[in-house]
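Please consult the sequence and structure shown here.

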Amino acid sequence: MSQGPLADVAFWVFGLAAVVAGWLVFRTDSMVRAAYWLFASFVAVGFIMVLLGARFLGLVLVLMMAGEMTIMAVFMVMFMMNPAGLNPMTMVHQHRTAIVAGVVAFAGLAGVGLVADFPDRPVAASAEPTAELGRELLGDSMLVFETAGVTLLATMIGAIALAAKRGRFGDATTGSAAPELDPAPPPEAEEGTGHDHHHGAGGGKEAGS
Amino acid sequence: MSLPALLVVSAALFGVGVYGALSQQTFVMIMMGLELMLSGAMLAAVALWAAATGGNPKGQLLTVVAMTVMAVEAAMGFALVIGIYRIRRADMTEKIKRLRG
């Protein structure tokens, strides 16, 4: 952990920046800007981690979020209405409940942080946290590390399966309800194939029984 | 840079995340709230590792696990949004009246 007045000033600047940027995520009209405010918040958190001595984790966090927030911004432009925030808007529900829940969560956790008596054993100045983490990851805790890797692999496969346009048995939308918000109602042909498909499946079942 | 101050900052991040996840209507904004909550949790874990464990590397390992959770959450969230958008043309929670596909 870095000590001294400079580290203190840096901590308060980054801490305030992290919270304020996190708050602005939900205050800005533009969703792309919201993604970049969230990135700013994560960068500040990453720098605090670096100040605390977890240099590897802090920089990995910044690297990971740089990629994720770029995807998020592209995603907003692709899918969301009004991504550029040209019209002012608030899109919230149960606003009061959410504010109360957020304040209660903050008060509870901050209260624990202020009241609880934690042991005072700071990281030794001579320690090499990154090297120790590397030894831990490929030593005693290798199972944890490998489990995380397999989990990420399973996530990749699951995400591809969920997002794929075609499944094993045809189009991913087969059998689904018609889109509710399609500006142009689906042409007759599409309805017809849906019904044909349905009748076909039902007929087959009847014939089978 | 004391431990209580660090924990208060992480609690503030978590609180803002709770507010966002509960109040936002857009799926991606809800995911942003969840990520803010995870960022608060990771900051608290690193703070406790740095101040209270004497540099036990298992404290950093916990943060690595939290980062994995964040990656899984983001990937599955994006995939689900794509799936829902393709079928219902919906990008907000209010537009999904039924979950059955």
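Q: How many residues of chain B are in contact with chain A, and what makes a pair count as a contact?
A: Two residues are in contact if their C-beta atoms, placed from the backbone, lie within 7 Å. By that criterion, 67 residues of chain B are in contact with 79 residues of chain A. The elements giving two or more residues to this side of chain B are helix H1 (3-23), helix H2 (27-52) and helix H3 (57-88) of chain B. H3(B) provides the largest share, 24 residues. This is a predicted model, in which local features need pLDDT of at least 70 and side-chain atom pairs count only at pLDDT 80 or more, while totals for chains, interfaces and linings use all residues. Residues are numbered from 1 along each chain as its sequence is written, and chains are lettered from A and ligands numbered from 1 in the order in which they are written.

Q: What is the make-up by class of the side of chain B that touches chain A?
A: Ala, Val, Leu, Ile, Met, Phe, Trp, Tyr, Cys and Pro count as nonpolar, Asp, Glu, Lys and Arg as charged, and the others, Gly among them, as polar. On this basis the side of chain B that touches chain A has 45 nonpolar, 15 polar and 7 charged residues.

Q: What makes a stretch of chain B a helix, and how many helices does the chain have?
A: Helices (H or I, at least four residues) and strands (E, at least two) are DSSP runs, numbered from the N terminus. Chain B has 3 helices and 0 strands, in the order α-α-α.

Q: Why are H1(A) and H1(B) called roughly parallel?
A: Axes are lines fitted to C-alpha atoms, for helices over the stretch in contact, with angles from 0 to 180 degrees between N-to-C directions. Angles under 35 degrees count as roughly parallel, over 145 as roughly antiparallel, 65 to 115 as roughly perpendicular and the rest as oblique. The axes of H1 (residues 5-25) of chain A and H1(B) come within 10 Å and cross at roughly 5°; the two helices are therefore roughly parallel to each other. Residues that meet here include A:Gly15 and A:Trp23 in H1(A) and B:Leu13 and B:Gly20 in H1(B). The contact comprises 8 nonpolar, 3 polar and no charged residues.

Q: Why is B:Ala71 called partly exposed?
A: A residue is buried if 20 or more other C-beta atoms lie within 10 Å of its own, exposed if 12 or fewer, and partly exposed in between, with C-beta atoms placed from the backbone. B:Ala71 has 17 such atoms within 10 Å and is therefore partly exposed. This residue lies in helix H3 of chain B. Of the 101 residues of chain B, 57% count as buried; in chain A, buried residues make up 26% of 209.

Q: What makes a set of residues a nonpolar core, and which residues have the most contacts inside the largest one?
A: A nonpolar core is a set of buried Ala, Val, Leu, Ile, Met, Phe, Trp, Tyr and Cys residues joined through C-beta atoms within 7 Å. The largest has 76 residues, and those with the most contacts inside it are A:Ile48, B:Leu43, B:Val46 and B:Ala47. H2(B) supplies the largest share of this core, 17 residues. Beyond its neighbours within four places in sequence, B:Leu43 is in contact with residues including A:Val45, A:Ile48 and B:Leu6.
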